[in-house]
Number of protein chains: 2
Amino acid sequence: MPAITALTNQQIRLARRPNGMPVRDDWSFTTEEVGEPGPGGVLVKTLSLSLDPAMRGWMNDAKSYIPPVGIGEVMRAGGIGRVIASSNASFAEGDLVTGALGVQQYALFAEDQLRKAGLAKIDLRLGTIGQWLNALGMPGMTAYFGLLDVGQPRPGDTVVVSGAAGAVGQTVGQLARIKGCRVVGIAGGRAKCDFVVNTLGFDGCIDYKAGNVKAGLKEHCPKGVDVYFDNVGGDILDDVLARLGRGARIVICGAISQYNNTTPVQGPKNYLSLLVNRASMKGMVVFDYADRYPQAIAELSGYLKDGRLKSREDVVEGIANFPDALVKLFTGENFGKLVLQVAQA
Amino acid sequence: MPAITALTNQQIRLARRPNGMPVRDDWSFTTEEVGEPGPGGVLVKTLSLSLDPAMRGWMNDAKSYIPPVGIGEVMRAGGIGRVIASSNASFAEGDLVTGALGVQQYALFAEDQLRKAGLAKIDLRLGTIGQWLNALGMPGMTAYFGLLDVGQPRPGDTVVVSGAAGAVGQTVGQLARIKGCRVVGIAGGRAKCDFVVNTLGFDGCIDYKAGNVKAGLKEHCPKGVDVYFDNVGGDILDDVLARLGRGARIVICGAISQYNNTTPVQGPKNYLSLLVNRASMKGMVVFDYADRYPQAIAELSGYLKDGRLKSREDVVEGIANFPDALVKLFTGENFGKLVLQVAQA
């Protein structure tokens, strides 16, 4: 390793707030010298970053569950890195860690920033780096607590998940199968649907690009939908609302179809189906479950090891490709958990 | 009492399905002779009928929590009547009863129809006929179970209820006060707001006809809304969604603003506030709680007697006025629980 002061840090910062889909000019590329960690501080070299739909929300100047990224700030991103210098007893040089590293090659944390960044060591015996960003990372945690705590699936329930081939959706569906449910995915395109059914073992999958989601739901969910894990919002949410079973639970995890709107969000016009079916719709934010991540990681790691849970990543290389890679999430071009590989492990 | 066979029964039947607001021609007026009860049957003379927003839904040919009223059928309505002939050991001539009597002067039940009609004796020691149609009737049961079971208010919570001067709203608000909550109503017009605050004891009321509901919510709910009991839907639901507190519960009881739409229902475009605030939106249908009505009636009757619960009825006289009276619910002209008095008690 070269001396720290000889390292430069490429960073991607939010230059302005996007109007609709983010474009190149919404970002600025900066380079700065890497500093030494202060007392209790840690310097991390970024290996891989997680690209998530939620990032689009962080770019807006709107009240949400966390403050927006400020103009001129390094874009927020979770990822995996290696500790290359540490003045903190909890972290040693060489440790692999997860946390909010940001879209940059190196992340320097003062001691009092470590908790907020959620910096924590990871154990490769539990899963690969890719798995730590997917099934054992935020998507997996979101799937685990959203499905089990909020969705409350019972064996025999029909569980529907949108964005089924995506990071959260793939774990939701597989976990629901493990818990004894019938699982129907909704995904865009034949390849994703084939993957969801043939590789992940879902009972069925509706290709929303190929045709009528309503008809697909009728075919695949003859007794109605008991749990709907919604990652997309929009028309698909309305189609599922029209197919709810008695006492159904809808988990509102996201609404990717609406994140780049320049017009108001499309509200679910079939929401009165909640009344007719005594159903509920509940929102969730994964950070609320942080105290219970270890339990979820232990369980999911077990499923990864015994082969019941698969974790598919879509890896884009090079920090400079961040702007284009992010857009893939919203056009549906990614296939599996989207990961930006910044450096080799 | 004249001989039964000398009685004629005026009835109002659904002639066709309304398009938007119901009009006179959607109804037909018929007269038929009153029959004698068969073995186990009961004949009831209608005294007062409950007019409810839900009636509008029963007139549509749509899947809902109960089948629609068929074309040519007597319009469904709950009410209070007096048994004038009975071949059933559970009911004696002279008994006051509640049940689905329909919009007609006499309701003849065969033995096997009694259960479906929910025919049950009422006790005037617990409340007046008006109260039995309001706080002790379906509106009160809806308020009680919707607020307490679905809304789960805790002492100190801020509870908002729309349609606050209406049948369900008035009991929701007063009951929430009794349970130790701060209560803010939303109602149309100064007179209703004054009533809600000065007579019913709500902590505040927002007149949606006078101005900005959003600004009113900001003023009256500085810490956000913990429970919202929604009777109206539409823009008001969106305004409340934008003001939710962390972990808020929205009870979807109805959407009177949407019942006469000739365009699709307006979906709540702020529904992603459920995610940001980890909030839930849940539908309820009062009939699910039928086994627990006696418990609710006993409790609410106690509050009526000790003066903590008031019950305001808006009485229209004469069965022929049913079509016009029903429309008052949707224009907001009724003031309190709307009751159609068909005969003197």
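User: So domain bounds come from an automatic or database domain assignment; what does that assignment give for chain A?

Analyst: Keep in mind that this is a predicted model. For chain A, the assignment gives domain 1 as 4–134 + 312–341, and domain 2 as 138–287.

User: How far apart are the C-alpha centres of those two domains?

Analyst: In chain A, the C-alpha centres of domain 1 and domain 2 are 28 Å apart.

User: And how many residues are in contact between them?

Analyst: On the domain 1 side of chain A there are 20 residues, in contact with 15 residues of domain 2. Between them, the two domains of chain A bury about 1500 Å², with 61% of that on carbon and sulfur atoms.

User: New topic: the two chains. What rotation superposes chain A on chain B?

Analyst: A rotation of 180° does, with 0.0 Å of shift along its axis and an RMSD of 0.0 Å. The two copies are thus related as by a two-fold rotation axis. As for the surface they use, 100% of the contact residues of chain A recur in chain B, so the same surface serves both copies.

User: Which residue of chain A comes closest to that axis?

Analyst: That would be A:Gly267, whose C-alpha is 2.1 Å from the rotation axis.

User: How much area do chain A and chain B bury between them?

Analyst: About 2600 Å², of which 66% is on carbon and sulfur atoms. In chain A, the residues losing the most area to chain B are A:Tyr271, A:Leu275 and A:Arg278, together 27% of what that side buries. By contacts, 33 residues of chain A meet 33 residues of chain B.

User: And the largest nonpolar core: which residues have the most contacts inside it?

Analyst: A:Met281 and B:Met281 do, in a core of 52 residues. Beyond neighbours within four places in sequence, B:Met281 has contacts from both chains, including A:Tyr271, A:Leu274, A:Met281, B:Leu237, B:Ile250 and B:Pro268. As a general background, nonpolar side chains tend to be buried together in soluble globular proteins.

User: Helices next! How long is H5 of chain B?

Analyst: H5 (residues 167–178) of chain B has twelve residues and reaches 17 Å from first C-alpha to last, close to the 16 Å expected at 1.5 Å a residue. Just after H5(B) comes B:Gly180, with a positive phi of about 90°.

User: Why call H5(B) largely enclosed?

Analyst: Because ten of the twelve residues of H5(B) are buried, the rest of the structure largely encloses that helix. Among the buried ones are B:Ala167, B:Gln170, B:Val172 and B:Leu175.

User: What about H11 of chain B, how many of its ten residues are buried?

Analyst: Seven are, so H11 (residues 322–331) of chain B is also largely enclosed by the rest of the structure. They are B:Phe322, B:Pro323, B:Ala325, B:Leu326, B:Val327, B:Leu329 and B:Phe330.

User: And what covers those buried residues?

Analyst: The cover of H11(B) includes strand S1 (8–14), strand S2 (27–33), helix H1 (54–58), strand S14 (313–317) and strand S15 (337–341) of chain B. After H11(B) comes B:Gly332, with a positive phi near 80°.

Conventions. Residues are numbered from 1 along each chain as its sequence is written. Chains are lettered from A and ligands numbered from 1 in the order in which they are written. This is a predicted model: local features need pLDDT of at least 70, side-chain atom pairs count only at pLDDT 80 or more; totals for chains, interfaces and linings use all residues. Side-chain values use heavy atoms; hydrogens and water are left out. Copies are superposed by least squares on the C-alpha atoms of residues with pLDDT of at least 70 in both. Contact means heavy atoms within 4.5 Å. Helices (H or I, at least four residues) and strands (E, at least two) are DSSP runs, numbered from the N terminus. The expected span of a helix is 1.5 Å times one less than its number of residues. Buried means under 20% relative accessible area, exposed over 50%, partly exposed in between (1.4 Å probe, protein chains only). A nonpolar core is a set of buried Ala, Val, Leu, Ile, Met, Phe, Trp, Tyr and Cys residues joined through side-chain atoms within 4.5 Å. Domain bounds come from an automatic or database domain assignment. Buried area is the accessible area (1.4 Å probe) that two parts lose on being put together, summed over both.
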